[in-house]
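Dear colleague,

I am passing a structure on to you, and it is placed just below this paragraph. After it I go through what was found, one topic at a time, so that you can follow each item in the viewer.

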Amino acid sequence: MCRRGVGPWVLAGLLMGAPLTAQEAPDLTGLEARLDALLAEARSLDTRVEAERDAYDRSTRSTLEEPTERIVDGLRIRALPRDMDAAVELFTTTWQEAFQPRFGTPPAAMLDAGLGYYDHRGEWNPRVGEGQANAYFVQVSTAVDDRRYQAERSLTQALLHSAPVSIREWTADWNHTPRSAWLAIRRQLAAAPSTSVQACFDGDLPSCTATLGLRPKGWDRSHVVAAWYSPEARRDVLARAGRIDADTLPEDVTAAVAFLRLENEFRMPSGDDVSPGRLVRRGGNRIRWELGPADAGTRASLFLLAVDLGGAGAMDRLAALDPRAPVETALAALAGRPVDELVSEWRDRLLAEVDPADRRTPARSTLAWVGLLAVFAMTSTRWRVGR
C-alpha cells in the first residue's frame, strides 16, 4: 500500500470522474513546496557541475599539450605537436599524388576547412578536438589503419566544404577517391535494371542526364525518377532497399513517388556561422539519389569531369556560388559549360572504348558472370578449397 502521496486508486478516481473524500485529497501546498525545494537543489547542482567542469578544463590545459596549427602548401593542418610531422607528411603527399594532377594547388576556400590528425596510440589528449568544428580528421588507432584512404576522404570533404549544399548531398556516400575508372562505371550502370541507362547507351542524352539524377531541360524531379525504371523494376528496387513490402504492395502501384523525398527543413553549409544569408531552406521534393541507377561513385565521375573541363579556377567558381544553388547550376559553373554539354562529354568518355554494336554487351556480360557463379554455388564446394 502507498502510504504517502497520491495513491493509484486516487488517480483512477480522478480519471473516472469519481469524487475524492477529504482524506484522499492531495496536499497541494505540500507538493508545491517539495517541488520548489527540488528545483532549488537542481540549480545548485548546475552551479557545482559548471565549477567542476571549469576546474577540469583548467587542469587539462595546464597539464596536456595544446594542439598546434600549420599551413603547408595551401592546406591548414591541426594536430598535437607529437603528431604534426606525420600529419603534414600524410596530407601534403596525398594531395600531391592524388589531387594535384586534377585540382592543381588547393583552392583558397579549403583554408576554411581544417585538416585534423590524431594518433590514438600516443598518450590520451582530449585537447585535440579544441576548436575543430570545421576539421576533417584522420584518426590512427592501429599500425594497419588505412591512413591514406582517410586522408583522401578528408581532403575531398575539405574541397567540398564551401560548395553548395546540393553538390555535397549529390556526391554523398562517394568513396572520395579522386579518380574515375570508366570500365567500373560502365559495369555498375550495366548491372542496374534501368530503362534510362539503356536509353543513354543507345544515344538518348536526356536519359543520360536523368540517370545521373539531374534534370534535363524542361523536366521536373518527378520526370527524372519516372525515367529510371519500369514499374516492375521500381517495385524490386524499393523492396531490396527496404522501402516497401513487395508482398503487400498493390499490383497497380508504380511507386515512382517513392523515389522522391518531401523536405521541409533548414540547413547550413557545414561549418558556417548561423546567418540569414547562408541559411538554406529545403522545401518540396528532393530526388532520392541513393535509389537511382547511378551510384555515388558514378555520379562523382561527372563531378570530376566537370573539374577537368573547368580548368584553373573551377573550384573557386564552385565556392563562390550561393549555398542554395541547385546541383545542375553548381556543375555548370564548375565545368564552365551547360550541363547538357557536360553530360554529352561524360557519355562520350564512358563509351569511348565500346563499339556501338556492343553497347548492350556489359549487361549481357554481367548476367553471364552471375549465371556462372550461380552454377558454381549450386555444385560441390571442392572447387573453392582446391581439392
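To begin inside the fold, W228 has a relative accessible area of 0% and is therefore buried. Please keep in mind throughout that this is a predicted model.

Aromatic pairs

The structure holds seven aromatic pairs. One of them is formed by F99 and F103, whose rings are tilted, with 6.0 Å from centre to centre and 35° between the planes. Both of these residues belong to helix α3, which covers residues 84–103, and they are four residues apart there, about one turn of the helix. In general, an α-helix has 3.6 residues a turn, so residues three or four places apart point the same way. F99 counts as buried, with a relative accessibility of 1%, and F103 counts as buried as well, at 13%. W228 and Y229, with which I began, also make an aromatic pair, which is edge-to-face, with 6.2 Å between the centres and 70° between the planes. Returning to F99 and F103, you will find that they form one aromatic cluster together with W95.

The cavity

How many cavities of 30 Å³ or more are there? The count comes to one, and the volume of the largest cavity is about 40 Å³. Its lining is made up of P107, A109, M110, L159, S162, A163, M315 and A319.

Salt bridges

Side chains of opposite charge can pair when their charged atoms come close. A search of the whole structure finds 13 salt bridges, and I describe a few of them here.

In the salt bridge between R76 and E69, the distance from N to O is 3.0 Å. Here R76 is buried, with a relative accessible area of 18%, whereas E69 is partly exposed, with a relative accessible area of 41%. The limit for buried is under 20%, so R76 at 18% falls within it.

A salt bridge also links E97 with R148, and the closest N and O atoms of this pair are 2.8 Å apart. Because E97 lies in helix α3 and R148 in helix α4 (residues 147–159), the pair ties together parts that are 51 residues apart in sequence. R148 counts as partly exposed, at 29% relative accessibility.

The side chains of R349 and E345 meet in a further salt bridge, at 2.9 Å from N to O. These two residues are four residues apart in helix α14 (residues 339–350), so about one helical turn separates R349 from E345. R349 counts as partly exposed at 32% relative accessibility, and E345 counts as partly exposed at 24%. Elsewhere, salt bridges that share partners join E69, R76 and R78 into one network.

Helix α11

Helix α11, made of residues 296–310, has 15 residues, and from its first C-alpha to its last it reaches 21 Å, which is close to the 21 Å expected at 1.5 Å a residue. Why can this helix be called largely enclosed by the rest of the structure? The reason is that 12 of the 15 residues of α11 are buried. Among the buried residues of α11 are A296, R299, F303, L304 and G310.

Two residues with positive phi

Most residues other than glycine have a negative phi. D73 has a positive phi of about 50°, although it is not a glycine, and its place is in the loop between β1 (68–72) and β2 (75–79). D173, likewise not a glycine, has a positive phi of about 75°, and it lies in the loop between α5 (165–170) and α6 (182–190). Is D173 buried or exposed? At 72% relative accessibility it counts as exposed, because the limit for that class is over 50%.

With best wishes

Key
Residues are numbered from 1 along each chain as its sequence is written. This is a predicted model: local features need pLDDT of at least 70, side-chain atom pairs count only at pLDDT 80 or more; totals for chains, interfaces and linings use all residues. Side-chain values use heavy atoms; hydrogens and water are left out. Rings of Phe, Tyr and Trp (its six-membered ring) pair if their centres lie within 6.5 Å; planes under 30 degrees apart count as stacked, over 60 as edge-to-face and the rest as tilted. Buried means under 20% relative accessible area, exposed over 50%, partly exposed in between (1.4 Å probe, protein chains only). On a 1 Å grid over the protein atoms alone, a cavity is a set of points where a 1.4 Å probe fits but cannot get out, and a pocket is an open set with protein on both sides within 12 Å along at least five of seven lines; lining residues have an atom within 4 Å of a point. Grid points are joined across faces, edges and corners, and a volume is the space filled by probe spheres set on the points. A salt bridge is a side-chain nitrogen of Lys or Arg within 4 Å of a carboxyl oxygen of Asp or Glu. The expected span of a helix is 1.5 Å times one less than its number of residues.
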